[in-house]
Amino acid sequence: MKKLDDNVFVFEHPLIKHKISIMRAADTSTKNFRELVNEIAMLMCYEVTKDLPLETYELETPIAKTTGYRISGKTLALVPILRAGLGMVEGIMSMIPTAKVGHVGLYRDPVTHDPVEYYCKLPDDIENRSVYVLDPMLATGGSAVAAIKFLKERNVKSIKFLCLVAADEGINHLHSTYPDVTIYCAANDKELNANKYIVPGLGDAGDRIFGTK
């Protein structure tokens with residue numbers, strides 16, 4: 001994993017690079033695209049959770065007693081940014097089935113490109129949880145900043161942002177606004193086009209996940 005800046009990381013694992021390349025292809029089917037989002041989210045989860053605290057306990061195997069390990073400390077919550085962020089939930093939930101899931105609904109104004117809120121539902125105890133905000137694309141960073149603002153307003157202290165493809169503009173916007181939020185990207189692209197889509201990117205992730213392209 002490559003460190004771009006304090007709290008900004010890009011994955012360089014061969015499996016992730018391979019799968020991202022398949023997702024970029026215009027002829028990748030909705031089914032395959034959706035499966036790849038899940039698989040990459042699962043691979044990212046392995047690295048993102050490496051700092052989870054452990055506690056020991058005694059357990060008995062069929063042969064003898066031994067020391068076991070379990071996650072301790074803060075519990076986790078996943079907060080996908082609707083709708084595309086939903087595509088990343090299943091892969092992470094397969095690794096962390098006890099995590100709670102909140103939802104933040106935002107859409108991008110087609111003229112101003114600014115995020116507009118239409119829904120926010122979070123677990124009641126969200127302030128006591130470590131939160132992973134999920135969105136496949138980090139383009140301008142507007143939606144990510146808006147979603148994290150909701151969490152900050154609810155006194156969430158531990159926040160990580162996970163995306164599949166991030167543009168430099170989005171990384172810089174999010175990182176400068178909330179430098180305490182760790183950003184994890186499966187791929188880093190440099191540019192946005194006139195419509196604020198990531199170049200080369202992979203298109204509209206929501207449309208490709210849900211078959212509405």
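Aspartate 51 pairs up with lysine 160 in a salt bridge, with 3.1 Å between the closest N and O atoms; the term covers a side-chain nitrogen of Lys or Arg within 4 Å of a carboxyl oxygen of Asp or Glu. This pair ties together distant parts of the chain, 109 residues apart: aspartate 51 is in the loop between α2 (30-48) and β3 (54-60), and lysine 160 is in strand β11 (residues 158-167). Keep in mind that this is a predicted model, where local features need pLDDT of at least 70, side-chain atom pairs count only at pLDDT 80 or more, and totals for chains, interfaces and linings use all residues. Residues are numbered from 1 along each chain as its sequence is written, and side-chain values use heavy atoms, with hydrogens and water left out.

**Salt bridges**

- The structure holds 14 salt bridges.
- Lysine 160 is buried, at a relative accessible area of 10% (buried is under 20% relative accessible area, exposed is over 50%, partly exposed is in between, using a 1.4 Å probe and protein chains only).
- Aspartate 180 and lysine 152 meet through their side chains in another salt bridge, at 2.4 Å from N to O.
- That pair also links distant parts of the chain, 28 residues apart, with aspartate 180 in the loop between α5 (168-177) and β12 (182-189) and lysine 152 in helix α4.
- Aspartate 180 is partly exposed at 41%, and lysine 152 is partly exposed too, at 27%.
- Lysine 190 bridges to aspartate 168, where the closest N and O atoms are 3.5 Å apart.
- Lysine 190 counts as exposed, at 55% relative accessibility, while aspartate 168 is partly exposed at 25%.
- Lys100, Asp125 and Arg129 are joined in a network of salt bridges.

**Helix α4**

- Helices (H or I, at least four residues) and strands (E, at least two) are DSSP runs, numbered from the N terminus.
- Helix α4 takes in 12 residues (residues 142-153) and should span 16 Å at 1.5 Å a residue, because the expected span is 1.5 Å times one less than the number of residues.
- The buried residues of α4 are Gly142, Ala144, Val145, Ala146, Ala147, Ile148, Phe150 and Leu151.
- After α4 comes asparagine 155, which has a positive phi, near 65°.
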